[in-house]
Amino acid sequence: MPEENLTLHTDAYELSMMQTYWGKHLQNRHAVFEMYFRKNPFGNGYAIFAGLQHVIDYVNHLGFTDSDIKYLKSTHFFNPKFLDYLRHFKFHGTIRSAHEGDLVFANEPIVQVEGTIVECQLVETAILNMVNYQTLIATKASRIRTAAGDDPIMEFGSRRAQEVSAALWGTRAAYIGGFDSTSNVLAGKLFGLPIAGTHAHSLVELYGNDYDAFKAYAETHYNCTFLVDTYNTLKSGVPAAIKVAKEMGNKINFAAVRLDSGDMAYLSKRVREMLDAAGFTNTKIVASNGLDENIITDLKMQHAKIDAWGVGTQLITAYDQPSLGGVYKLVSIDNGHGKMRNAMKLTNNPAKITTPGKKQVWRITKRSDGKSEGDYITINGENPNLEKSLYMFHPQYTYINKTLTDFKAEPLLKTIFKDGKQVYHEPPVGDIKRHANASLASLWPEYRRQLNPQDYPVDLSKECWQNKQDTIKKIHNYVNKKLDN
Ligand SMILES: Nc1ncnc2c1ncn2[C@@H]1O[C@H](COP(=O)(O)OP(=O)(O)OP(=O)(O)O)[C@@H](O)[C@H]1O
Ligand SMILES: O=P(O)(O)OC[C@H]1O[C@H](OP(=O)(O)OP(=O)(O)O)[C@H](O)[C@@H]1O
Ligand SMILES: O=C(O)c1cccnc1
């Protein structure tokens, strides 16, 4: 999968616009696009950035193959001469992006693509597709991790995911966001994730009784987790598991039993008592079946005796919010004379007005406690570290403001591709996961809580804010002139 050429994984309108730029000799105009999302998903206070590895694989394989060109010709959708031009297409752009595992927030650029207008336009669909989905799943995983505390959590969602690619990249994102392992073996191989798993009801059904099934499993495995709810958890499943474990002695490791239905608070307490009474105090109880962060929190409130969690559907399909809604907007474009000018889209909805100009995002941290004070968006080239004191104000309600002196500013957008060449190589996924975890520690609990978290400040520098106001004014003047004529 990571070796795929996905060049045609783009919306036809991107190619249509590219044909216009080419036809009007604008194909080499320099442009800057930025990706951002407007609302943190799941009502969460933050999102965990993921998807970059797939973007890197994608960009490294960009190029129209003979068969792509042949197909495009067959559609009669495009000018054949434009398609001849595409044969020689190469990505020479520069991509700056957050790193996977970084905390990111609504209304700040998280990926920036700079290059010719054609190359920037082509990659829109794929970048949005990859980052939107994976950031969503990493964030959902982080919420589930928060609910589960330090308990092991396994990702079980492949069978319910939106097809193969979502299962594979989704489980990698879940790992970054806080899961410990995946049941998907291919994801384990491709991404170096730890794999984990138990067995299904079919094994028990094949034997027709719990005891024979568990015995067979125990005779063919050292580490044993028995699924005890096929017929009756308390009357047959758990007694059979205990009987087999006693008979097998130290030939097996009776690691756990899994509960997959019924009232899991009640059942887990009874099962714990039964295991303890039989001397299996180290044998764990795993739960699965429609779990999400809310049910896990609820089960913990009920003092359920559950040690580990298997989570599938709710996580991998981002059940309660199926899309992040990230967008990719033109923010700066060559005016035709080698000078960059601001680009922005105006709408009646102030929340949807883009912030023009090529920008950088700075994470502002208080030196004394290491906690994040907010993010500060500047026009590229500004460096808050050169300021003695930093004035941060709410971009809409400017009377909400603060001045910081004891701070450091770290840039969020880092160069991944420079003029088409990959200059950043991702660390192993385990390091990315640790980075995500460490980043969360720098966030005050008020921003981390699951329900109604505080809004984390995402502010504009004075220059960036002024640039936006000036651009809005210019566009208003243009529109009003048009109306007058
Ligand atoms: N004590 C509990 N408190 C809160 N939620 C629970 C509790 N016990 C189970 N649940 C959750 O309630 C939901 C329904 O459980 P139930 O066993 O009825 O599921 P089901 O899908 O109908 O069962 P089955 O898998 O046998 O068809 C599941 O999502 C489960 O995780
Ligand atoms: O509920 P989820 O969070 O998606 O977790 C995955 C579910 O998938 C399995 O059930 P399934 O009925 O597919 O297979 P089974 O025969 O092994 O129970 C497993 O037993 C879980 O209940
Ligand atoms: O290993 C398991 O127990 C498992 C794997 C996938 C889905 N449900 C359960």
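Domain bounds here come from an automatic or database domain assignment, and for this protein that assignment gives domain 1 (12-138 + 322-480) and domain 2 (198-289). The model is a predicted one, in which local features need pLDDT of at least 70 and side-chain atom pairs count only at pLDDT 80 or more, while totals for chains, interfaces and linings use all residues. Residues are numbered from 1 along each chain as its sequence is written, and chains are lettered from A and ligands numbered from 1 in the order in which they are written.

Start with the whole protein, whose C-alpha trace spans about 90 × 60 × 40 Å along its principal axes. Colour domain 1 and domain 2 separately, and note that their centres, taken over C-alpha atoms, are separated by 49 Å. Switching to a cartoon view shows 17 helices and 21 strands, where helices (H or I, at least four residues) and strands (E, at least two) are DSSP runs numbered from the N terminus.

Next, turn to the interior. Of the 485 residues, 43% count as buried, which is to say that 20 or more other C-beta atoms, placed from the backbone, lie within 10 Å of the residue's own. The largest nonpolar core has 122 residues, and Ile-127, Ile-137, Ala-241 and Trp-309 are those with the most contacts inside it; such a core is a set of buried Ala, Val, Leu, Ile, Met, Phe, Trp, Tyr and Cys residues joined through C-beta atoms within 7 Å. Helix H6 (residues 124-148) gives the largest share of this core, 13 residues, and at least three residues come from each of domain 1 and domain 2.

Now select Ile-137 and ask which residues it is in contact with, leaving aside its neighbours within four places in sequence. They are Gly-170, Ala-173, Ala-174, Gly-177, Leu-315, Ile-316 and Ala-318, a contact being a pair of C-beta atoms, placed from the backbone, within 7 Å.

Then select helix H7 (residues 163-177), whose 15 residues reach 21 Å from first C-alpha to last, close to the 21 Å expected at 1.5 Å a residue, the expected span being 1.5 Å times one less than the number of residues. Because 12 of its 15 residues are buried, H7 is largely enclosed by the rest of the structure; among the buried ones are Trp-169, Arg-172 and Tyr-175. Just after H7, Gly-178 takes a positive phi of about 140°.

Finish at ligand 3, which is surrounded by Phe-156, Ser-183, Gly-197, Thr-198, Ser-288, Gly-310 and Gly-312, each with its C-beta atom, placed from the backbone, within 6 Å.

Definitions and conventions. Two residues are in contact if their C-beta atoms, placed from the backbone, lie within 7 Å.
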